Amino acid sequence: ETKELKAPMPGLVLSVEVTPGKEVTKDQPLLILEAMKMENVIKSPREGVIAKVNVQKGQAVEKNELLIAFE
């Protein structure tokens, strides 16, 4: 089971759609990452509960940087 969601590419966090403690379903949008002038919707890999959100709106992230952790 996936415990961590990492950035698939370097980019800029445009929005964060979830907060810690929130229950999510598989494929639910968790955040929007802008990379190479394109908006990429980062979706949940599984059902679960968000344990921690490691990024905030406006933050630049590197590839494989931890974005969200699941309980």
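Modeller: Buried residues, meaning those under 20% relative accessible area with a 1.4 Å probe and only protein chains counted, make up 37% of the 71 residues in the protein chain. This is a predicted model, in which local features need pLDDT of at least 70 and side-chain atom pairs count only at pLDDT 80 or more, while totals for chains, interfaces and linings use all residues. Residues are numbered from 1 along each chain as its sequence is written, and side-chain values use heavy atoms, with hydrogens and water left out.

Pro-29 has Lys-43 of E5 as its bridge partner. Two residues lie between E4 and E5 in this hairpin, and Met-36 in the turn has a positive phi of about 50 degrees.

Turning to the whole chain, 55% of the contacts between residues at least 6 apart in sequence join residues at least 24 apart, a contact being heavy atoms within 4.5 Å. The C-alpha trace spans about 30 × 20 × 15 Å along its principal axes. The radius of gyration of the protein chain, taken over C-alpha atoms, is 11 Å, which agrees with the value near 11 Å for a compact globule of 71 residues, by the rule of 2.2 Å times the number of residues to the power 0.38.

Definitions and conventions
Buried means under 20% relative accessible area, exposed over 50%, partly exposed in between (1.4 Å probe, protein chains only). Two strands pair if DSSP finds at least two bridges between them. Helices (H or I, at least four residues) and strands (E, at least two) are DSSP runs, numbered from the N terminus.
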